[in-house]
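Please view the sequence and the structure together before reading on.

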Amino acid sequence: MFSKKDRIQYANLNAKQKETYNFQKFSSVLADYGFATLKLNDDSNGADFIA
């Protein structure tokens, strides 16, 4: 189990890490409403994920 000291500091993440973090957090909210998400590796058209 993780303890409070193991939590990451969002401000210390680089841009790609922040994008991944935000995707995971938002995916967990969408899962509460029955959505599944898929992260897109190539987001050249502006989409980061599909729900």
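## Contacts and overall make-up

A contact means heavy atoms within 4.5 Å. Among contacts in the protein chain between residues at least 6 apart in sequence, 9% join residues at least 24 apart.

This is a predicted model, in which local features need pLDDT of at least 70 and side-chain atom pairs count only at pLDDT 80 or more, while totals for chains, interfaces and linings use all residues. Residues are numbered from 1 along each chain as its sequence is written, and side-chain values use heavy atoms, leaving out hydrogens and water.

The protein chain contains one helix and two strands, in the order α-β-β along the sequence. Helices (H or I, at least four residues) and strands (E, at least two) are DSSP runs, numbered from the N terminus.

## Burial

Of the 51 residues in the protein chain, 8% are buried. Buried means under 20% relative accessible area, exposed over 50%, and partly exposed in between (1.4 Å probe, protein chains only).

## The salt bridge

One salt bridge is counted, where a side-chain nitrogen of Lys or Arg must lie within 4 Å of a carboxyl oxygen of Asp or Glu. Glu 19 pairs with Lys 39, their closest N and O atoms being 3.2 Å apart. This pair links distant parts of the chain, 20 residues apart: Glu 19 belongs to helix 1 and Lys 39 to strand 1 (residues 38-39).

Glu 19 is partly exposed, at 24% relative accessibility. Lys 39 is also partly exposed, with a relative accessible area of 22%.
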